[in-house]
Amino acid sequence: MGSGRRTTPRRSGFVLAAFLASAAIAAACAPTKDPPSPPPPPLAFPCSSSSGSPVSGNEPLQTGWYPNQPGLNPSAGGGCGFDEQWSLPVDGQVYARPRVDPKVGVNGTLLVATETNHVYGFDAATGQQLWHRTDLGVPWNPADVGCGDLTPWVGITSTPAIDATTHTAYLFSKTYASGTSGPALYEAHAIDIATGAERPNFPVVIQGAADNDPTATFDATMHLQRPGLLLMDGVVYAAFGGHCDLPPYRGWVVGVNATSGAITTQWTDVAVPTPGVPTLGRPGGGIWQAGGALLSDKPGEILLASGNGEVPQAPLPGATAPPHLGESAIRLQVLPNGKLAPKDFWTPCNAQQLSDGDEDIGSGAPLVLRDEFGTPAVPHPLVVVGKQGPLYILNRDHLGGFQQGPAGACPDQSGNAGDDIASSFGLPNTPGAWATPAMWPGDGGNIYVPNPVFFGANPGKLTSYRVVDAGGQPTLSLAGQSSDPFGYGSSSAIVTSTGAESGSALVWVTYWPTNPGQRQNAELRAYDATPTNDVLALRGSWPIGTGNKFTTPTVDNGRVYVVGRNGSTDGIIFGFGVSGTAAPQAPAPRGPSTAAVPPDARPDREG
């Protein structure tokens, strides 16, 4: 061997040559594969472009699209990168999205509210603290009812609404009626964003009976105000669900006059519940939407989705709403006297099955699609999500009622009639959604939904869908997905762009790698909005430490704000923006986490 002489027998060499020749022939005959996509270019932004328009703190449609952010256009060219500008600790965890009033202060004021009932005003550009409120009441202890969804305190959980004219922030805080224990109390606050001071006639205690059921009295102890607030026609609307689905609770929508503080309406989605001891899903009908806000697409009307609870008892058209509207997409209208009443509804034909299995809809807010996503038959589509997996497209002008579709077509094998909706679409072996979808109309139009992994082998990912015309009905088709799985707790997506300009959009999310046990590796992420070879390319990722579930980033004037945890009880606010040099290369996709996932891991309820 040391001489380098060949020692392999000649016959073996012949066999090897024959094998290689046959392999070459087989390879030549085999179908060719597309070459792998080249890595995306480094994420770089214009250094001198306009940052973009400030964003209203009370967008009634909440589409997740920020259309005038040229400073975050990845295709505009430039040598500047994107990075963390500052981070600020705050007292209490943060689940409410930060809000910006661009007309208050030198650079606008960033409003942050926490679960210990602290409220802050920060300079939106520098992060300098401008004011701090600590007198909104002792936070409530969820151990009082044995719920661990949000711990250790519950205070201000929902995203505030901002009146851009009066520069007032509206928010709801949970505290105690007296001292540090006993019955809970919800209060509505109106805060001057310039100083943090309370406006006249506030705070207001939320109490009393439902307008549509005098036997139902609001019990703050058993309810959680999770969905973002809606300010509409001078009234602040807040929706409520339960804690960990612990009975008794039901869905509520409460209206408070933004000036006088008078309670204008208290409506419940399960009026006059079935007699009996309250149990899981009865009365129910909680409205939580993973924190997604109440919507309004028409003057004096509200769109929302309720979770598991008592469902209609018989088939009904949408214009004839029953008293039980658990597990439903609902359109409410404001009556001349200021009270709320259902104008239209849709309940899945298999609602009882979904409710019994905790696979209800309403695990994200509905998405109002722009008219270019519609068809002649359904010009005004609405997307509804749920925990089971399918995405539903409804007609906003005719939601669909209950069991109004083809006879015997309900998928629960009950023989009942199916759904009178435009379409439903679900990917095989794909988890449901615990997020509000986002949309972007550019490059053909896309809808973005993160599907989280929380147990089992099915890989949930950030998914992009297109709306296609199927015989006049809008339906969804898969456009692309991220290459790496998303963990339960990842946020709803948002989109920044320069209008509908091709290539100008990025999709932003707060990302968790897996669930449970990995929220300490949370990141702010940016993806290309248009898939390449069916893949949503990851363009940037920035660690934020431990995350809070469902906490969606906020965008304003070319800046991105995201929240995380600071220890086990407090929060931290990150301000990101354009600065410095571009990243040397796009981040590599990550593989599945190796964290152990208990076989019985389940998502939190109503949290």
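This protein's secondary structure comes to two helices and 36 strands, where helices (H or I, at least four residues) and strands (E, at least two) are DSSP runs numbered from the N terminus. What you have on screen is a predicted model, in which local features need pLDDT of at least 70 and side-chain atom pairs count only at pLDDT 80 or more, while totals for chains, interfaces and linings use all residues. Residues are numbered from 1 along each chain as its sequence is written, and side-chain values use heavy atoms, with hydrogens and water left out.

Let's start with the overall picture. Of the 607 residues, 57% count as buried; buried means under 20% relative accessible area, exposed over 50%, and partly exposed in between, with a 1.4 Å probe and protein chains only. The accessible surface comes to about 22,800 Å², and 55% of that belongs to carbon and sulfur atoms (areas are from the Shrake-Rupley method with a 1.4 Å probe, and for residues only the protein chains shown count as cover). Take the contacts (heavy atoms within 4.5 Å) between residues at least 6 apart in sequence: 63% of them join residues at least 24 apart.

Five strands make an open sheet with mixed pairing, in the order β1-β30-β31-β32-β33; two strands pair if DSSP finds at least two bridges between them. Its edges are β1 (65–66) and β33 (538–545), each of which pairs on one side only. Strand β32 (residues 522–528) runs antiparallel to β33, and six bridges join the two. Tyr 527, for instance, has Leu 538 in β33 as its bridge partner. The loop between β32 and β33 is where you find Asp 534. Phi of Asp 534 is near 70 degrees, a positive value in a residue other than glycine, and Asp 534 counts as exposed because its relative accessibility is 59%.

Asn 201 is partly exposed, at a relative accessible area of 49%. Most residues other than glycine have a negative phi, and most peptide bonds are trans. On the peptide-bond side, look at two prolines. A cis bond joins Thr 151 and Pro 152, with omega about 0 degrees, and Pro 152 sits in the loop between β6 (129–133) and β7 (161–163). Another cis bond joins Pro 247 and Pro 248, again with omega about 0 degrees; Pro 248 lies in the loop between β15 (235–242) and β16 (252–257).

Cys 147 is joined to Cys 244, S to S 2.0 Å. This pair links distant parts of the chain, with Cys 147 in the β6 to β7 loop and Cys 244 in the β15 to β16 loop, 97 residues apart. Both Cys 147 and Cys 244 are buried. Another disulfide joins Cys 47 to Cys 80, also at 2.0 Å. Cys 47 is in the loop between α1 (10–29) and β1, and Cys 80 in the loop between β1 and β2 (81–90), so the pair ties together parts 33 residues apart in sequence. Here Cys 47 is exposed at 51% relative accessible area, whereas Cys 80 is buried at 12%. Cys 349 and Cys 410 form a disulfide too, with their sulfur atoms 2.3 Å apart. Counting bonded cysteines along the chain, the pattern is 1-2, 3-4, 5-6.

What about charges? Side chains of opposite charge can pair when their charged atoms come close. The structure holds 16 salt bridges, each a side-chain nitrogen of Lys or Arg within 4 Å of a carboxyl oxygen of Asp or Glu. In one of them, Asp 297 meets Arg 396, with the closest N and O atoms 2.8 Å apart. These two link distant parts of the chain: Asp 297 is in the loop between β17 (263–268) and β18 (301–305), and Arg 396 in the loop between β23 (391–395) and β24 (401–402), 99 residues apart. Asp 297 is buried at 19% relative accessible area, and Arg 396 is buried at 9%. Glu 301 forms a salt bridge with Lys 343 at 2.7 Å. Since Glu 301 lies in strand β18 and Lys 343 in strand β20 (residues 340–347), the pair ties together parts that are 42 residues apart in sequence. Shared partners join Asp 297, Glu 301, Arg 331, Lys 343 and Arg 396 into one network of salt bridges.

Key. Disulfide = S-S within 2.5 Å.
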